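This report concerns aromatic rings and how they are arranged relative to one another. A pair of aromatic rings is described by the distance of the centres and the angle of the planes.

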Amino acid sequence: MVAHNKPDFKSKWAMVVTVNDLNESKRADLKEFGGWFIDTLRLEGAFIGHYFNYEESPVAIVETVPNNLESCTNAYQKIHKEHPQVVLIVHILPQTQSHEYDWMKVLASRYGFIRQGILYENCANRFQNVDTDQNSIFRNMCQWIYRSGTAIVRNEGNSCGILHGKEPKPTFEKVLFNSEDIKEAVFKVLHNEEDPRSADLDNIVKVSGYPEMLNAFGVAQLLAPYRVNGVTLVGSQSAVVTLENKFHVYQAVQELDGKTIDRNHKLEVTSDVISVPAVPIQSPKFKDSHSHIANLMGKLKVSN
């Protein structure tokens, strides 16, 4: 098996825009604002020890009708359905004390997004008219995003459901977040198996150096396309991962150890037992068969 080159890990984000009298000029400026916002967020986060590595631009920009709950709900549903990899929603709000601010909080919680609301006025002038200095504004946002992401990853009190099956009415199972139940359900969906396969010692790799906010499933994604049979987090940035077999372990260590995730994180993938895949013996030509057999007999120390 030869693994394809994989892109560096970057979190996906999307933008919901609720702006009065939206026109092409405002749309172009908001698109430019998105890149500026993410760059500034990444820079200010690094100063306080929170390293964000988001895509430079949103995977989707969804416009909504101001003061319209259905339109706002449809926007979050659309992103949740069409872009399940999205982590952060940046919602551009029309004015202070808008209904969209309250709807944003409810909808982000419902669909499992980290949310950040920003007034359109502050987008247009890049926070120049805000009394607080820009550094403090962004560092406060970094703190909020970090805490929100940590709460989503570590919250064990929430329950969720999973649908699986090919029937017209799929099977629904209610499972507890971060429990063994959800691992079992995921294996049913991804691998069509009732239980994860048992692990041998030489199937295990130790993974570290990744961003602190990743959960078990985020760690598993870092090892794609190798099949992951289990992830056990042993620290904020360390995990023990069970792969399909020792050959995947060897290849994962060779290819992924030392891989740069972003400018602040370098992946470490190691194994206590590294088995080099056996090199097949090529069949000799007929005229060389006698010498080849004699050579093998000598190596095996076979006597008549």
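## The aromatic cluster

Phe33, Trp36, Phe37, Phe127 and Phe138 form one aromatic cluster. The model is predicted, so local features need pLDDT of at least 70 and side-chain atom pairs count only at pLDDT 80 or more, while totals for chains, interfaces and linings use all residues. Residues are numbered from 1 along each chain as its sequence is written, and side-chain values use heavy atoms, with hydrogens and water left out.

## The pair within helix 1

Seven aromatic pairs are present in the structure; rings of Phe, Tyr and Trp (its six-membered ring) pair if their centres lie within 6.5 Å, and planes under 30 degrees apart count as stacked, over 60 as edge-to-face and the rest as tilted. One of them is the tilted pair of Phe33 and Trp36, at 5.8 Å centre to centre with 40 degrees between the planes.

Both residues belong to helix 1 (residues 24–47), where Phe33 and Trp36 are three residues apart, about one turn of the helix. Helices (H or I, at least four residues) are DSSP runs numbered from the N terminus. Phe33 counts as buried because its relative accessibility is 0%, whereas Trp36, at 25%, is partly exposed; buried means under 20% relative accessible area, exposed over 50%, and partly exposed in between (1.4 Å probe, protein chains only).

## The pair of Phe127 and Phe138

The ring centres of Phe127 and Phe138 are 5.4 Å apart and their planes stand at 70 degrees, so this pair is edge-to-face. Phe127 lies in the loop between helix 4 (120–124) and helix 5 (134–154), and Phe138 lies in helix 5, eleven residues apart. Both Phe127 and Phe138 are buried.

Conventions: Helices (H or I, at least four residues) and strands (E, at least two) are DSSP runs, numbered from the N terminus.
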